[in-house]
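Hello,

Here is the structure you were waiting for. My notes follow it.

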Amino acid sequence: MTLHRRHLLTLAAATAPALVAGGVWAAPQTSTRLLVVFLRGAYDAANVVIPTGSDFYYQARPTLHIVKPDPANPDAALPLDADWSLHPALKDTIYPLWKAGQVAFVPFAGAGDDLSRSHFETQDTIELGQAVQGSRNYGSGFMSRLSMTLNGAEPIAFTDQLPLTFRGGKAIPNVAVGAVGKPGVDDHLAGLIQQMYQGQPLGPAVAEGFQVRNQVYQSISQEMVAANRGAVSPKGFELSARRIGRLMKANYNLGFVDIGGWDTHVNEGAAQGYLAGRLGELGRGLAGFADEIGPDAWKDTVVVVVSEFGRTFRENGDRGTDHGHGSVYWVLGGGVKGGRLAGEQVQVVETTLNQNRDYAVLTDYRSLIGGLFGRIYGLNQNQLGQVFPGAAPKDLQLV
Amino acid sequence: MRPRRPKTALMTAAVAAVALAASTAFATDGQVSLNAHDLALLNRVTWGQSASAAEDLQKLGARAWLDRQLRAQAGDRLPPAAQAQVDALPVSKTPMPELVVQLNAQIQAANKLTDPDQKKLAQQAYQQAMTDLGKQAATRELLRDLYSPDQLQEQMTWFWLNHFNVHMYKRDVRAMIGDYEDQAIRPRALGKFRDLLEATLKHPAMLRYLDNDQNANGHINENYAREIMELHTLGVGSGYSQRDVQELARILTGVGVDVNPDPPKLKAAYQPLLVRSGLFEFNPNRHDFGDKVFLGHTIKGSGFGEVEQALDIIAREPATAHHVSAQMAAYFMGDDPPPALVDRMAKAFQRSDGDIAATLRVLFTSREFDASLGKAFKDPMHYTVSAVRFAYDGRVILNTTPMQNWLNRMSEGLYNHETPDGFSAASASWNGPGQMAVRFEIARQIGSGSAGLFKLDQPQAKDQPAFPQLQNALYYKAGLDQTLAPTTKSALGQAGSPQDWNTLFLSSPEFMRR
């Protein structure tokens, strides 16, 4: 399958160009690749995009803080602007992208109306993308609704289970790209199995499963050939992210992946240690993804990194942090208007904390991602309302 | 492949041989005949239908059989070949505190080594010993799920283990997980919820996993306090506040784990307040003795009694009755259990002071339950166990490692869910396209031969000949074949070999449901 890149497809319902952010856009088209990366467990945003300009930060984190930027110190934070800095574990991966203007950070972002501070509740909230008030429909995630709104979407979840965000609508494939082997069920058996599911509710999922299995195996066999020529084989999330890059370059344009292990209640570490290790892996993964996509396609790729909430601004009694509220979201891509912190901000002092505990949410995830979709796909208000019902898209001019 | 036989035919030679080889627990006259309802009931209440379980049900009748299933049994009633395997496991023979203390000494000694190579080897040996203990616990659990006649108790053990989930790869939980399951959960799986809640609270596996062993006065860690209310009892959105989480965390200060055989040094006034049992310890030195206001109740600072009070309050909240009932209903019925049924279960839960068997009885004897039979999608655990039960009824497998690997591959590995919410009961969590493709691969492995299940987990072990007997007494005599859709029968008819027939049967839409 090839993508119709730069080819603007229009929906019959949206033939009239919509006016978004002062520009005329044809709607909706899917020439852009979008990958949503969910950091499950609530990553400690305040120690990743760090308010090094805040004295209060250093008071609140006597053992967990990262020291202010200092070129002579490899453990020091990397300057982003006068107030903010980046964790040193991202020096060789995300920092170069920042310098190239291909990363924007959105601080004080999150699910503003969900204060449950429950991982599971808030992950569900974000994946569903519905208003928190009223009853939830667990059969309708926002990426599934986006996929139905677009013409030519080729969605896929790079997860071992189909995530909530892709539920609803037609069967969306999922594949754990980290663990793919040679299929043992041959084409003949696969055909008979599909016969058994003909007309059954699971029929489309079964057919889709065999198709994706073959596609992914083919793509990964090519990688193995390349690896045999002496390429270093990456591990963990980097391995998965590189495979995702290959698959999204050739076959898919709407992807979701999650990476866990961010719930740092105890011994979180600072410049070195547990969180630094997780971050290093995440950074290598995202840089590896961009590398596999290649410079041309990267120009037309957007990666959004989200997490369910931030953590307590003060460290707890166990050199860790507990559940908080506002987080920092990342937007990356060759065409991203980055190198800046986007969205509304407040000074990081004790009095601006939410409930004297954590970051406030000043940019709701639905407004942020909705606004981004408006620009990427040229969705009109009506279409954005289908993806994020009842939300007010905020255009931060990120692409 | 073997010719198809009519429903009334005698048992096949293969099945007769299996029955002869089996222990007395499986003694059979070969007459299995259940109506469609009882067959479906059997499939739902057990880990999967088998000829021997069908005979049990037939002998007692559905009502008496269900009564029997709802009664907790002390100890195992396994067939001798399975019992011998369970009894031989070090995790069954050595008390958990001893294992933890031994391993703790082992890693401390390893860390003291100065030679880097020796140190690395010693650390690896420690990790290997820990992982072995986790594997042994999984083996014991799987053998019980496969062969115990007390099937409901085993199903509920897994259910509660998942409800009070811990992840064995955190710290030294692998050395504790077998005991957590066998001593804290299994004896109470059909008992009083309040007892179960306290047993999990006092178990070092839980205290380690949710960090409460590090929750102390002045060093508050609210991780466990939050999950008790959100996941274990009241349920999210049931009305408790962030303040309640913080107050419960204060109540839980000092509730922890101590691997030191000597009691902590305490001032005289604190000595009577110390609580120790195995590795569990309530240390008054670490406790916040201030008064607390929890869920509207004032709790006076007094020591571990505060925890008992808090658990009494939580366990009696109507929200807990409802949350726990809804979870049990979803576990057995699949998606969206009818709210009216959940309400009736919650009432029974409250009337009986949180009696789990009494609550389940309301579920199993309801119209709604009957109407849902055969419609729930099996999660990987039910899929794997039911396939092996069906294939090797009466012949005890010798190695559960392949099953453990299949479960991990399907993302439902035993003790291997990282977050405290446990595995989802929703079908949509398990039937995505990629997941179906993996499941068919596993169907092929189970269907094609012995799949490593009869090869002892030892170096140079020889595989004993075995082949899954799927076209068995249950299939033909009990009428299972009559329940298959024409499309399934047609595909089975096109199988070119017994291996393919088995793969197709285990891949069929019917076998995916319970």
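In chain B, helix H5 meets helix H8: B:Ala82, B:Gln85 and B:Val86 in H5(B) touch B:Arg140, B:Leu143 and B:Tyr147 in H8(B). Contact here means that the C-beta atoms of two residues, placed from the backbone, lie within 7 Å. Helices (H or I, at least four residues) and strands (E, at least two) are DSSP runs, numbered from the N terminus. The contact residues divide into four nonpolar, one polar and one charged. Ala, Val, Leu, Ile, Met, Phe, Trp, Tyr, Cys and Pro count as nonpolar, Asp, Glu, Lys and Arg as charged, and the others, Gly among them, as polar.

H5 (residues 80-88) and H8 (residues 116-147) of chain B have axes that come within 10 Å and cross at roughly 165 degrees. That makes H5(B) roughly antiparallel to H8(B). Axes are lines fitted to C-alpha atoms, for helices over the stretch in contact, and angles run from 0 to 180 degrees between N-to-C directions. Under 35 degrees counts as roughly parallel, over 145 as roughly antiparallel, 65 to 115 as roughly perpendicular, and the rest as oblique. The crossing of H5(B) and H8(B) is left-handed. Left-handed means that the near helix is turned anticlockwise from the far one by less than a right angle; right-handed means clockwise.

Before going on, the ground rules. This is a predicted model, in which local features need pLDDT of at least 70 and side-chain atom pairs count only at pLDDT 80 or more, while totals for chains, interfaces and linings use all residues. Residues are numbered from 1 along each chain as its sequence is written, and chains are lettered from A and ligands numbered from 1 in the order in which they are written.

Now confidence. pLDDT is the predictor's confidence in each residue, from 0 to 100. Chain A has a mean of 89, with 90% of its residues at 70 or more. Its residues 1-27 fall below 50, and this stretch has 45 contacts in the model beyond near neighbours in sequence. Chain B has a mean of 91, and 93% of its residues reach 70 or more. Residues 1-29 of chain B stay under 50. For the complex, the predictor gives an ipTM of 0.90 and a pTM of 0.81.

Strands pair if DSSP finds at least two bridges between them. E2(B) and E3 (residues 280-282) of chain B pair over three bridges. B:Ser277 has B:Phe280 as its bridge partner in E3(B).

Last, the interface. How many residues does the contact take from each chain? Chain B gives 39 and chain A gives 41. On the side of chain B that touches chain A, H22(B) gives the most, with eight residues.

Best wishes
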